[in-house]
Amino acid sequence: MNKNLAITCIFGLTAIILGAFTTHGLQDVLTSKEMSSLETGIRYQIYHVIVLLFVNTYTSFSNKLKNYVSYVFFFGIFLFSGSIYAIYIFNYPAKSIWFVTPIGGLLFMIGWVLMIHFFLLKVINKKKWIK
């Protein structure tokens with residue numbers, strides 16, 4: 001799990017750096033709509049970094065589940081936030097990677113569904129023991 005936590009911390013650090021760079025270095029260059037898109041990418045990256053910290057330190061999750069959820073979120077961050085950064089920071093043509101952002105969003109949803117499934121099974125199994 002240390003590998004997952006190290007990758008998570010790298011994503012956290014890059015989000016902070018990109019947030020500062022966006023706010024202080026691109027404010028006069030980008031339109032308010034472009035700034036808003038970049039902020040969305042950074043915000044979603046931070047949200048999922050926080051969730052990844054939880055996932056990888058939650059003792060009830062098996063190592064297999066921790067890895068699975070982590071990699072789904074890692075690829076989600078890379079595709080969702082990374083595509084937004086590519087478009088607005090690196091001037092990559094949006095027409096050529098427009099489909100990448102929704103794939104990253106879908107990976108975020110899959111990660112959340114995996115955790116919902118785990119917790120619902122835990123609730124169902126607990127109710128079986130109570131009866």
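## Around Met115

Leaving aside residues up to four places away in sequence, Met115 touches Val51, Val55, Phe61, Val69 and Phe73 (contact here means heavy atoms within 4.5 Å). This is a predicted model, where local features need pLDDT of at least 70, side-chain atom pairs count only at pLDDT 80 or more, and totals for chains, interfaces and linings use all residues. Residues are numbered from 1 along each chain as its sequence is written, and side-chain values use heavy atoms, with hydrogens and water left out.

## The nonpolar core

Met115 turns up again in the largest nonpolar core, which has 25 residues; Leu38, Phe73 and Met115 touch the most other members. A nonpolar core is a set of buried Ala, Val, Leu, Ile, Met, Phe, Trp, Tyr and Cys residues joined through side-chain atoms within 4.5 Å. Buried means under 20% relative accessible area, exposed over 50%, and partly exposed in between, using a 1.4 Å probe and protein chains only.

Helix 3 gives the most, with eight residues. Helices here are DSSP runs (H or I, at least four residues), numbered from the N terminus.

## Helix 2 against helix 3

Two packed helices are described by the angle between their axes and the distance between the axes. For helix 2 (residues 32-57) and helix 3 (residues 63-88), the axes come within 9 Å and cross at roughly 165°. Those axes are lines fitted to C-alpha atoms over the stretch in contact, with angles running from 0 to 180 degrees between N-to-C directions. Helix 2 and helix 3 are therefore roughly antiparallel (over 145 degrees; under 35 counts as roughly parallel).

The crossing of helix 2 and helix 3 is left-handed, meaning the near helix is turned anticlockwise from the far one by less than a right angle. Their contact residues divide into 14 nonpolar, eight polar and two charged. Nonpolar covers Ala, Val, Leu, Ile, Met, Phe, Trp, Tyr, Cys and Pro; charged covers Asp, Glu, Lys and Arg; the others, Gly among them, are polar.

## Helix 1 against helix 3

The axes of helix 1 (residues 2-25) and helix 3 come within 11 Å and cross at roughly 20°, so this pair is roughly parallel. Helix 1 also passes helix 3 in a left-handed crossing. Contact residues include Phe11 and Leu18 of helix 1 and Phe74 and Ile77 of helix 3.

## A look at Tyr47

Tyr47 lies in helix 2 and counts as partly exposed because its relative accessibility is 45%.

Technical notes. Helix = DSSP H or I, 4+ residues; strand = E, 2+ residues; numbered from the N terminus. Parallel < 35°, antiparallel > 145°, perpendicular 65-115°, else oblique.
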